[in-house]
Amino acid sequence: MAPLRSIIRRGLPLVAGALLPLGLAPFDFWPATLLSLFLLYLAQTTEDGSFVTGWLFGAGLFLCGASWIFVSIHVYGAAPVPLAGLLTLLFCLGLALLHGVQAWLFKRFGARWQAWAPLSFASLWVLFEWLRSWLLTGFPWLYAGYAALESPLRGWVPVIGVYGTGFLIAGLAASLASIINTRASRDSLTLTACFLALCFGGPLLADKDWSQPDGEPISLAVYQPNIPLEKKWDRRYFFSILDQYSEATLGLYEDADIVLWPESALPAYQDQLEDYLAQQSQLADDGKATLITGMPMRIEGNRYNSIIALGQGSGVHHKQKLVPFGEYVPLEKLLRGLITFFDLPMSSFVPGPDSIPRLKADNLVIAPFICYEIVYPGFVLEGARNASVIVTVSNDSWFGRSIGPLQHLQMARYRALETGKPVIRGTNNGVSAIIDEKGNLISTSRQFEEEVLFGTIQPHLGETPLTLFAPLIPWALAALFLLGLFFRKRVDNADPD
């Protein structure tokens with residue numbers, strides 16, 4: 001029986017980690033995320049709770065929730081299945097180390113005072129999510145708070161954001177589990193009641209309008225070209241791709257205020273397409289429209305993944321949050337050329353200047369974000385200040401037919417709700433979307449089809465509570481954890497035993 005108990009002990013955190021993504025897109029069964037953290041708390045508060053417990057949880061989380069990495073490496077990086085599997089495994093197990101450290105800190109410092117343990121658990125959970133948003137350029141994916149989008153906590157999103165809602169979910173899960181650990185002590189019941197009260201407060205906030213309409217509604221045409229990656233950078237298809245964009249867009253400038261093309265829409269740098277872009281800009285100008293498109297650029301020897309506004313629009317934003325291995329290669333001198341994956345097209349970009357991203361469409365101020373940038377909560381919140389609309393362009397072809405594009409879409413919806421600003425999302429092969437300021441989908445494209453997505457949005461100005469104090473949330477939770485340590489020491493010192 002001892003080996004069986006050992007398997008169950010080690011299997012519990014692994015299963016718990018695998019459950020968490022079921023609360024996120026495309027499954028959206030939010031109780032699964034609550035159950036995941038409930039089981040993790042139980043596993044970490046046993047005698048065997050340790051670094052390994054957290055590491056196994058992280059392994060289950062990333063192997064299930066970030067499985068699309070295998071698709072990117074194998075299908076589009078042309079790595080053999082064994083190598084792609086090995087690289088995916090190393091990536092997921094490496095990220096899982098953070099959860100191991102988190103579990104060790106909780107066991108060493110946070111779990112010893114049972115009355116405070118659920119709060120310590122929730123604080124550490126969010127602190128390590130925040131750490132993951134910037135460590136080694138960051139991987140802010142699979143946050144527990146994203147489950148709030150389809151839950152009663154939705155109303156809290158513009159107030160406390162993805163970190164704050166993650167804290168509520170983790171705190172509720174831990175306090176429920178503590179009822180079992182403490183045999184329903186008064187402290188555990190009181191803490192659980194407090195978290196439940198906060199959760200039930202979410203629906204009361206759901207109808208609150210934090211931002212206000214700005215000007216007249218604007219009409220949109222989002223062009224999704226559905227160009228396969230294997231054709232995109234093949235020079236034999238160069239002119240046919242240019243013709244495809246021209247023909248699909250020609251009639252749109254008369255019907256839409258903003259026409260949106262996806263990330264790196266055209267298969268060349270801006271300086272190689274000056275005549276073509278000038279023609280499109282003139283057509284947009286004649287139609288009183290703004291064309292916004294992703295566009296790789298070369299400036300003074302540097303290469304940027306950029307987004308520009310033409311016609312009635314103006315402005316350029318160079319992407320600041322680059323994807324490791326996709327847009328630049330860490331340790332390039334060692335890795336470049338080893339396998340095809342490290343030589344992907346357009347994988348030699350540099351980050352753009354550290355500035356607030358801005359575009360304009362006539363007099364409309366737009367906050368633009370390129371692909372991966374939309375998943376960084378703090379970056380988007382800062383960029384969305386004083387803007388009326390958010391535009392994000394992406395090429396989710398790298399995800400293939402995995403869950404990745406739907407996870408990415410969910411995070412764009414979350415940014416709309418956090419900021420109180422509508423989001424226009426243009427992609428190469430889906431999911432393109434028009435999202436209102438409440439995070440609701442106005443319209444979406446079908447995946448893997450060429451399509452023009454038409455719609456109308458109402459620009460909004462104003463700041464949500466989150467926009468004003470978002471940077472303070474991780475530090476407030478760190479202070480909460482330290483406060484627990486201080487009181488635990490006082491309790492320990494007062495204990496005659």
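Okay, let's start with Arg 236, which makes a salt bridge to Asp 234, with 2.7 Å between the closest N and O atoms. By salt bridge I mean a side-chain nitrogen of Lys or Arg within 4 Å of a carboxyl oxygen of Asp or Glu. Before I go on: this is a predicted model, where local features need pLDDT of at least 70 and side-chain atom pairs count only at pLDDT 80 or more, while totals for chains, interfaces and linings use all residues. Residues are numbered from 1 along each chain as its sequence is written, and side-chain values use heavy atoms, with hydrogens and water left out.

Back to that pair. Arg 236 is exposed at 69% relative accessible area, while Asp 234 comes out buried at 19%. The cut-offs are under 20% for buried, over 50% for exposed, and partly exposed in between, with a 1.4 Å probe and protein chains only.

The salt bridge count is eight. Another of them joins Glu 418 and Arg 415, again 2.7 Å from N to O. Both residues sit in helix H15, residues 404–419, three residues apart, so about one turn. Helices here are DSSP runs of H or I, at least four residues, and strands are runs of E, at least two, numbered from the N terminus. Glu 418 is buried at 1%, and Arg 415 is buried at 0%.

Then there's Arg 446 with Glu 449, at 3.5 Å. Arg 446 is partly exposed at 49%, and Glu 449 is partly exposed at 34%. Shared partners tie Arg 446, Glu 449 and Glu 451 into one network.

Now, the rings. We get 23 aromatic pairs, counting Phe, Tyr and Trp (its six-membered ring) with centres within 6.5 Å; planes under 30 degrees apart are stacked, over 60 edge-to-face, the rest tilted. Tyr 41 and Phe 121 have centres 5.3 Å apart and planes at 85 degrees, so that one is edge-to-face. Tyr 41 is in helix H2 and Phe 121 in helix H6, 80 residues apart. Tyr 41 is buried at 3%, and Phe 121 is buried at 2%.

Trp 68 and Phe 139 are a tilted pair, 6.2 Å between centres and 35 degrees between planes. Both are buried. They also belong to a cluster linked by ring pairs, whose members include Phe 62, Phe 91 and Trp 141.

Last one: the charged end of Arg 401 sits over the ring of Phe 448, 3.9 Å from its centre. The rule there is NZ of Lys or CZ of Arg within 6 Å of the ring centre and within 35 degrees of the ring normal.
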